[in-house]
Amino acid sequence: VDGIAVTEQILDDLRSGARVEADRDVAHDVGFGIRILVDIASLALSPAVNDPYTGVEVVDKLAIVFADLTGRHLGPRALTSDGDVIAWVEASTLADHLKLATAQISGYGRSEPSVIEALVRLCDTVEHCATAEVEREAAAVRRLELLETASRPTNVPGSEP
């Protein structure tokens, strides 16, 4: 590895810091759990089902997930050995997870005020619970995007989130 001798210690560090599985699971992949909840809300809000109550309930569950995520180390990580970066792992930030949690739901629920209100509450929860300024800013920006999306007429091309 470009000028770094790969020792047994480095290999052990890499093995202990990485986990490769055949399947995704919510215990080790928060994005996967968020995606499942988003799929449930999107299905509930689809024209075929039209169940805004379930959509709101799912968003409220997402708020609990996000309250727990704030303050945790999310995003890219570097594995170091003796001060040298030996591996870089890309990972989603809180802002990435927030966009994942709200984009599709706001698209299906944009004409239902209770859904938009729940999504705004979700952003408020993140902003209130966040320990880092970047997390608070991400929540505030996303809340404004949601409100802007909800205020656009639904029949305008390009108005989807």
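## Burial and the cysteines

A residue counts as buried under 20% relative accessible area, as exposed over 50%, and as partly exposed in between (1.4 Å probe, protein chains only). C123, at a relative accessible area of 0%, is therefore buried. C129 has a relative accessible area of 28%, so C129 is partly exposed. The structure holds zero disulfides (a disulfide is a pair of cysteine sulfur atoms within 2.5 Å).

## Basis of the model

This is a predicted model, in which local features need pLDDT of at least 70, side-chain atom pairs count only at pLDDT 80 or more, and totals for chains, interfaces and linings use all residues. Residues are numbered from 1 along each chain as its sequence is written, and side-chain values use heavy atoms, with hydrogens and water left out.

## Overall architecture

The protein chain has six helices and two strands. Both kinds of element are DSSP runs numbered from the N terminus: helices are H or I with at least four residues, strands are E with at least two. Read from the N terminus, the order is α-α-α-β-β-α-α-α.

The protein chain has 161 residues, and 30% of them count as buried. Among its contacts with a separation of 6 or more, 60% are between residues 24 or more positions apart. Contact here means heavy atoms within 4.5 Å. The chain exposes about 9,600 Å², of which carbon and sulfur atoms supply 55%. Accessible areas come from the Shrake-Rupley method with a 1.4 Å probe; for residues, only the protein chains shown count as cover.

In soluble globular proteins, nonpolar side chains tend to be buried together.

What does I34 touch, leaving aside its neighbours within four places in sequence? I34 is in contact with L62, V65, F66, L69, H97, L100 and A101.

## Salt bridges

Side chains of opposite charge can pair when their charged atoms come close. A salt bridge is a side-chain nitrogen of Lys or Arg within 4 Å of a carboxyl oxygen of Asp or Glu. The count comes to seven salt bridges. One of them joins R35 to D39, with the closest N and O atoms 2.7 Å apart. Both residues lie in helix α2 (residues 30-45). They are four residues apart, about one turn of the helix. R35 has 26% relative accessibility, so R35 counts as partly exposed. D39 also counts as partly exposed, because its relative accessibility is 38%.

Other pairs link separate helices. R121 forms a salt bridge with D60, and their closest N and O atoms are 3.1 Å apart. This pair links distant parts of the chain: R121 is in helix α5 (residues 113-129), D60 is in helix α3 (residues 52-69), and 61 residues separate them. R121 is at 38% relative accessibility and so counts as partly exposed. D60, at 27%, counts as partly exposed. The bridge between R143 and E127 has its closest N and O atoms 2.5 Å apart. R143 lies in helix α6 (residues 133-151) and E127 in helix α5, so the pair ties together parts that are 16 residues apart in sequence. R143 counts as buried, at 15% relative accessibility, whereas E127 counts as partly exposed, at 27%. Salt bridges that share partners join D124, E127 and R143 into one network.

V26, I36 and I40 make a nonpolar surface patch of about 240 Å². Patches are made of residues with over 30% relative accessible area and no salt bridge; like charges are joined within 9 Å, and nonpolar side chains (Val, Leu, Ile, Met, Phe, Trp, Tyr) within 5 Å. V26 lies in the loop between α1 (8-17) and α2. V26 has a relative accessible area of 51%, so V26 is exposed.

Helix α1 holds L11. L11 is partly exposed because its relative accessible area is 27%. C-alpha to C-alpha, L11 and I86 are 10.0 Å apart in space, and they are 75 residues apart in sequence.
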